[in-house]
Amino acid sequence: MSTDDLHRPLYLPDLIANTLNQTPGRPFLQISGGPMLTLGEIRDLTSQYIQALQSLGVGSGSRVASLFSNRPEVLHVANAVQLLAAVAVPMHPLGGVADHLHVILDAQANVLIFDAERFSERAAELAKLRLTPRARGKRLRCSHLSHSPATRGLEVSRAAAEVCFTCRDSRPWR
């Protein structure tokens, strides 16, 4: 460890990584009507999301817009984005199309991760970008990723599950 590391401030990704690694057996998140997830399970799921997002081109400096309902997957996506040193651009689920479009354009988001069960149509509308004068004529260079099956975009949770399967099967990372 260099003295620069010794005096470096702690950042949110440091706190996330330290917390998830300290006591892996500690209960952390009770899913309504489902299991209790431990810090270790959250760490493993976050790692899978990191690897899935990396395989889809998300990395340091990527601007990742997210549009979710209140779901446990939000935690994995948010942690993964922070640990990848990407820029998180959360959008309020009650916002309108014009609001979401403004946020995406203003933040220059290049990835949109959305809740496909609730926001598939919204993601398709945002991809068209013909809704406001500011966006007219522009093309959104934005990858669409959903965390559940969708008609548009890639399913990031499936990619995360494939990463998990790949890890257990000892095949090379994608």
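The structure is a predicted model, in which local features need pLDDT of at least 70, side-chain atom pairs count only at pLDDT 80 or more, and totals for chains, interfaces and linings use all residues. Residues are numbered from 1 along each chain as its sequence is written, and side-chain values use heavy atoms, with hydrogens and water left out.

The protein has seven helices and seven strands, where helices (H or I, at least four residues) and strands (E, at least two) are DSSP runs numbered from the N terminus. Read along the sequence, these elements follow the pattern α-α-β-β-α-β-α-β-α-β-α-β-β-α. Of the 174 residues, 41% count as buried, a term that stands for under 20% relative accessible area, with exposed meaning over 50% and partly exposed in between (1.4 Å probe, protein chains only). Among contacts (heavy atoms within 4.5 Å) with a separation of 6 or more, 65% are accounted for by residues 24 or more positions apart.

Helix 3 and helix 4 have axes that come within 8 Å and cross at roughly 60°, the axes being lines fitted to C-alpha atoms over the stretch in contact, with angles running from 0 to 180 degrees between N-to-C directions. The two helices are therefore oblique to each other, since angles under 35 degrees count as roughly parallel, over 145 as roughly antiparallel, 65 to 115 as roughly perpendicular and the rest as oblique. The residues that make the contact are set out below.

| Helix | Residues in the contact |
|---|---|
| Helix 3 (residues 39-55) | Ile42, Leu45, Thr46, Tyr49, Ile50, Leu53 |
| Helix 4 (residues 73-83) | Glu73, Leu75, His76, Val77, Asn79, Ala80, Val81, Leu83 |

Within helix 3 itself, the buried residues are Leu39, Gly40, Ile42, Thr46, Gln48, Tyr49, Ile50, Ala52 and Leu53. Helix 3 is followed by Gly57, whose phi is positive, near 100°.

Met91 lies in strand 4 (residues 87-91) and, at 7% relative accessibility, counts as buried. Leaving aside residues up to four places away in sequence, Met91 touches Ala65, Ser66, Leu67, His100, Val103, Ile104 and Leu112. The C-alpha atoms of Met91 and Leu112, which are 21 residues apart along the chain, are separated by 10.0 Å.
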